[in-house]
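We'll go stop by stop, with something to pick at each one.

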Amino acid sequence: MSPETNTVLVHRHAILTRITHWINAVCLGFLLLSGLQIFNAWPSLYWGQYGADADHSWLSIGATQAHGQTRGSVRIGDTAIPTTGVLGLSKVDGQLTERAFPTWLTLPSYQDLAEGRRWHFFFAWCFVLNGAAYLAYAVLSGHLRRDLLPSRSQLAPRHVWHEVLDHARLRFPKGQEARRYNVLQKLSYLGVIGVLLPLMVLTGLTMSPGMNAAAPFLLDLFGGRQSARALHFISAALLVTFVVVHIAMVLLSGVWNNLRSMITGRYAIDESEPHHD
């Protein structure tokens, strides 16, 4: 008797999960491009109440003169990383121009802070409302408790380490195990939903003068507007990292199967059945 593989389609994602997922993807794309446009207006980050021209930033992207040449660089602390042609100094209409992020990474492509802020605020509100709809569904339907909260056995160090090794070796769950999220997925999704996204929203609000008047405690919570701006940038960078890893895992674990599950809700798994020779 030998096992015979039987491929079946199982229901994996509810319709509201799928809709909010794709709305999030669109919103995050526009938020990133418009956010880089806003960053270009003052491409330096500070901590605390600092941020004037003479203050020393902990991160800056720009161009400097060296040996008669203009070179782009990213400076973190006292360490400068050459990035000419991409960051700090890139081509605008065929000419090398001092610009933190290049034209193809900002919305709009030309430098316009007011326009970038309009795009950013519009999609920020779309993102918040969409996220609120997903969170309400996740709590009320039991999706959060049933599918996203890891069990005690999944949080055991040995189990987590086993999952890390499997992912490092590109060994992905098969059969019945593929029906549910593994512990690394659960922890990463909860980290994004419970930490990164709230941090981005709160730090974004802290940078608003109107919110400073309505909720001055936010400035105290984050140690000043410049600290909030730095944390906003860091959380955005971590979110981009999550998205890149997420896309890589989708491609490596079966792109068409994963796309189908997020479009139709159906996911194909292979079940082994006894087969008599």
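This is a predicted model: local features need pLDDT of at least 70, side-chain atom pairs count only at pLDDT 80 or more; totals for chains, interfaces and linings use all residues.

Is G77 buried, exposed or partly exposed? Select G77: at 26% relative accessibility, it counts as partly exposed (buried means under 20% relative accessible area, exposed over 50%, partly exposed in between, with a 1.4 Å probe and protein chains only). G77 lies in the loop between β4 (69–76) and β5 (79–82). Helices (H or I, at least four residues) and strands (E, at least two) are DSSP runs, numbered from the N terminus. Leaving aside neighbours within four places in sequence, G77 is in contact with H56 and W58, where contact means heavy atoms within 4.5 Å.

Residues are numbered from 1 along each chain as its sequence is written, and side-chain values use heavy atoms, with hydrogens and water left out.

**Zoom out**

Show the whole protein chain as a cartoon. Its secondary structure comes to eight helices and eight strands, and the C-alpha trace spans about 80 × 45 × 35 Å along its principal axes. Of the 277 residues, 32% count as buried. Among contacts between residues at least 6 apart in sequence, 60% join residues at least 24 apart.

**A stop on β3**

Next, select S60, which is found in strand β3 (residues 59–66). S60 is buried, with a relative accessible area of 13%.

**α1 against α2**

Color residues 15–41 (helix α1) and 113–141 (helix α2): their axes come within 8 Å and cross at roughly 155°. Axes here are lines fitted to C-alpha atoms, for helices over the stretch in contact, and angles run from 0 to 180 degrees between N-to-C directions. α1 and α2 are therefore roughly antiparallel to each other (angles under 35 degrees count as roughly parallel, over 145 as roughly antiparallel, 65 to 115 as roughly perpendicular and the rest as oblique). α1 passes α2 in a left-handed crossing, a term used if the near helix is turned anticlockwise from the far one by less than a right angle; clockwise is right-handed. By class, their contact has 18 nonpolar, nine polar and one charged residues. Ala, Val, Leu, Ile, Met, Phe, Trp, Tyr, Cys and Pro count as nonpolar, Asp, Glu, Lys and Arg as charged, and the others, Gly among them, as polar.

Stay on α2 and pick out its buried residues: G116, H120, F123, F127, N130, Y134 and A138. An α-helix has 3.6 residues a turn, so residues three or four places apart point the same way. What covers the buried residues of α2 includes α1, α3 (143–148), α5 (183–206) and α8 (225–263).

**α1 against α8**

Keep α1 on screen and bring in α8. The two pack at an angle of about 140°, with their axes 11 Å apart. That makes α1 oblique to α8, and the crossing is left-handed. To see the contact, select T17, R18, H21, W22, L28, L32 and F39 of α1, plus R229, F233, L239, V240, H246, L259, S261, M262 and I263 of α8. These divide into 10 nonpolar, four polar and two charged residues.

While you're on α8, click L238, which lies in this helix. L238 is partly exposed, with a relative accessible area of 46%. Draw a C-alpha to C-alpha distance from L238 to V192: the two are 46 residues apart in sequence and 9.2 Å apart in space.

**Backbone stops**

Go to P108, in the loop between β7 (95–99) and α2. The peptide bond from L107 to P108 is cis, with omega near -5°.

Then try D93, in the loop between β6 (88–92) and β7. Phi of D93 is near 55°, a positive value in a residue other than glycine, and D93 is exposed at 79% relative accessible area.

Finish at L170, in the loop between α4 (157–168) and α5. Phi of L170 is near 60°, also positive in a residue other than glycine, and at 45% relative accessibility L170 counts as partly exposed.
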